[in-house]
Amino acid sequence: MIGASPGVETVEAPAGLPVSVSRGYWQQVVVRLVHNRVALVCGVIQVLLILIAVLAQPFVHLVLHQDPYAQDLTDNLVGIGRDGHLLGTDQLGRDVAARLVYGAQVSLLVGYLTVGLQILIGGTLGILAGYYGGVVDALLMRIVDIVLSVPSIFLLILLGSLSPRIGPITLGTTGPVTLAIVIALISWGGVARLVRAETLATKQRDFVLATRSLGAGDARIMFRHLLPNVVSVMVVAASLSVGGVILVEAALDYIGLGIAPPTASWGNMISDAQEYFYHSVSIVVLPGAAIFLTVLAMNLFGNGLRDAIDPRLRRFR
Amino acid sequence: MFGTYVVRRCLIAIPVLFGVSLLSYALLSVTAGDVVPGLALNPNITAADIARIRDNMGLNEPFWQQYTNWAGLLWPFGRLGLFHGRYTTGLLEGNFGNSAVNGLPVMSIIATHLGNTIELTATAMVIGILIAIPFGIIAARNHGGPIDNILTALSVAGVAVPSFWLGLVLILLFAVGFSQWGLPSLPTGGAVSSFGGGGIGDRVVHLILPACVLAFGYLAVWSRYMRSSMLDVLSQDYMRTAQSKGMSMLRAIYVHGLRNAIIPLVTLIGLELPNLFAGSAIIEIVFSWPGLGLEAYQAATDHDFTVVMALTTFVATMVVLGNLVADLLYAVLDPRIRYG
């Protein structure tokens with residue numbers, strides 16, 4: 001898919017014909033994305049963030065020479081660049097830079113995992129509803145209505161304090177994986193609506209009829225033929241919602257119902273730091289700036305990806 | 001046809017409301033073991049006492065019976081005296097249950113906090129609209145210029161900034177910092193001052209920071225929409241006609257452009273109606289604003305789950321009804337929607 005060559009593109013998608021999903025289409029997407037400077041920069045920032053998060057441990061120990069959990073009360077709240085601490089230390093003398101790197105791990109894991117699960121749940125149910133229509137559609141869309149009407153922050157507060165157990169699974173919000181599952185379970189409705197609408201439009205097209213006349217079953221039509229056509233909607237929805245999920249996760253950590261200390265997350269770093277604002281402004285500002293810049297990069301990349309995938313949507317520029 | 005649409009739209013809301021209440025109650029029942037907080041920690045209460053209390057609260061009944069009692073689904077039978085056994089009023093009769101911690105009816109908690117939430121969200125929305133419209137017009141008129149770019153950057157930032165952090169930084173600056181430096185400062189939280197508060201001026205002063213933080217998020221989104229719809233309108237023929245007849249650009253915008261450009265924004269604001277009840281929970285918590293969100297949060301930290309669940313159900317009900325009202329209003333305003 002990657003490694004675009006304009007020659008192949010023009011052969012596969014001659015001018016004037018509607019471009020369907022094919023190798024050429026995705027190559028065009030990559031070409032358009034690379035030509036959008038803002039999106040390109042934000043994409044690079046995202047890749048760097050992912051690298052830092054994945055390689056957090058070696059990065060912190062070999063580059064920063066610090067441990068995010070090592071406390072030193074004789075060396076707490078030191079300023080930026082002092083005593084070998086690149087971004088200073090917090091109230092317990094822990095290295096802020098190292099904690100920010102570990103916090104990136106949490107935010108990115110929750111962000112991407114949640115969006116992946118949203119796509120899995122919302123995408124599957126959206127295709128089913130759009131393809132079968134009728135009673136299945138009405139039933140699934142009412143479930144979507146229910147999920148979308150319960151205000152997510154109230155539900156997260158409820159779930160965060162209850163930690164309900166369903167069989168062997170505890171739906172707590174204190175670990176990144178369970179938190180991602182919880183947020184995904186209450187936020188897949190939007191994706192389901194988008195995918196359903198796209199499926200409704202796609203299933204009217206002739207190639208679906210042709211496939212069915214060749215004897216393909218429902219499952220084959222849905223997942224081999226409809227899915228590739230709705231996947232671009234999913235990709236756009238996913239890339240635009242990662243940022244929002246990270247904001248929700250940080251807010252939940254901040255109010256004490258999310259990732260529990262001592263695990264460092266950007267949200268709980270802010271709530272720990274706020275009482276020591278007089279002694280160090282940077283320990284409040286830095287984690288917030290980290291959230292802001294990450295979400296900003298993800299939103300702008302999502303915008304670029306949307307423009308690249310569907311140039312018709314570019315009218316707002 | 002319009003009547004049919006109204007009836008159909010209302011009927012659709014019923015299963016959704018049913019599902020919302022069922023979802024909340026199911027969540028609570030999964031943790032029914034902890035419904036009465038702290039009971040097991042009290043050394044003077046025996047296991048037999050706990051069993052008796054749970055029995056009195058109806059927690060030993062089957063799930064469906066508990067749910068129908070809580071939701072009050074049997075109220076016609078109860079009212080007509082046809083119900084055998086223990087009958088209590090439920091959701092359908094406006095009884096949201098009692099707090100397990102202090103015994104207060106949840107309905108009275110809602111009555112004292114709902115107004116505060118609406119005061120905050122409505123103020124934020126009004127501030128958002130009042131700034132978004134001129135910002136959108138200015139950005140569209142300077143399309144591609146430096147002012148447009150600055151406003152675009154501001155709105156992109158407004159979507160990406162964590163609202164709780166912005167609120168915290170503003171508190172630290174305008175409330176804590178300013179009072180330290182001997183400048184006139186804003187209060188750090190709450191809706192009124194503890195001593196001698198409660199007047200209009202006092203409430204307004206408390207409202208400024210939380211409403212501005214909340215409005216920033218609305219402003220970011222709405223000014224973008226206003227800009228793009230104003231750009232659309234500026235390229236229309238009737239705008240050129242108006243100017244060629246000698247009308248100034250600004251006058252043409254205010255006489256002809258604005259009312260056309262504002263239509264998509266009105267739709268968008270209508271979609272935000274349900275957020276009057278739910279949109280501000282995090283900001284309420286940051287600013288200790290005594291609304292439904294803060295109340296739910298405090299109940300959650302007190303392990304008073306019946307209150308959290310009842311508040312969640314109430315707010316979700318308001319969201320469903322808000323969506324219903326918004327849909328019906330569109331049907332009235334825009335005749336094309338009626339058959340949809």
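Guide: Two residues are taken to be in contact if their C-beta atoms, placed from the backbone, lie within 7 Å. The model is predicted, and its scores are ipTM 0.84 and pTM 0.85.

I start with the chains themselves. Chain A has 13 helices and two strands, whereas chain B has 15 helices and zero strands. Of the contacts in chain A between residues at least 6 apart in sequence, 66% join residues at least 24 apart. In chain B, residues 24 or more positions apart make up 65% of the contacts with a separation of 6 or more. Buried residues account for 45% of the 317 residues of chain A and for 34% of the 340 residues of chain B.

Now the interface. It brings 40 residues of chain B into contact with 35 residues of chain A. On the chain B side, at least two residues each come from α1 (2–30), α6 (146–160), α7 (163–180), α13 (281–286), α14 (292–301) and α15 (305–333). Helix α15(B) gives the most to this side, with ten residues. By residue type, the side of chain B that touches chain A divides into 32 nonpolar, eight polar and no charged residues.

The largest nonpolar core has 160 residues, and those touching the most other members are Phe154(A), Ile157(A), Leu158(A), Ala296(B), Val308(B), Leu311(B) and Val315(B). The element that gives the most to this core is α11(A), with 17 residues. Not counting residues up to four places away in sequence, Val315(B) touches Pro151(A) and Phe154(A) in chain A, and Phe277(B), Ala278(B) and Leu292(B) in chain B.

Two loops on the chain B side deserve a look at their backbone. Most residues other than glycine have a negative phi. Ser288(B), however, has a positive phi, near 45°. Ser288(B) sits in the loop between α13 and α14 of chain B, and it counts as partly exposed because it has 16 C-beta neighbours inside 10 Å. His303(B) has a positive phi as well, near 60°. This residue is in the loop between α14 and α15 of chain B.

Gly72(B) lies in the loop between α3 (63–71) and α4 (75–80) of chain B. Its 19 C-beta neighbours inside 10 Å make Gly72(B) partly exposed. Leaving aside neighbours within four places in sequence, Gly72(B) is in contact with Thr89(B), Gly90(B), Leu91(B), Leu92(B), Glu93(B) and Asn95(B). The C-alpha atoms of Gly72(B) and Phe96(B) are separated by 9.6 Å, although the two residues are 24 apart along the chain.

Last, the confidence. Chain A has a mean pLDDT of 82, with 88% of its residues at 70 or more. Among the elements of chain A, the lowest mean pLDDT belongs to helix α1(A), residues 6–12, at 43, and the highest to α5(A), at 91. Over residues 1–13 of chain A the pLDDT is below 50, and this stretch has 17 contacts in the model beyond near neighbours in sequence. Where pLDDT is low, the predicted coordinates should not be read in detail. Chain B also has a mean pLDDT of 82, and 90% of its residues reach 70 or more.

Conventions. Residues numbered from 1 in each chain as written. Chains lettered and ligands numbered in written order. Predicted model: local features only at pLDDT ≥ 70, side-chain atom pairs only at ≥ 80, totals over all residues. Helix = DSSP H or I, 4+ residues; strand = E, 2+ residues; numbered from the N terminus. Buried ≥ 20, exposed ≤ 12 C-beta atoms within 10 Å, placed from the backbone. Nonpolar A, V, L, I, M, F, W, Y, C, P; charged D, E, K, R; others polar. pLDDT = per-residue confidence, 0-100. Core = buried A, V, L, I, M, F, W, Y, C linked by C-beta atoms within 7 Å.
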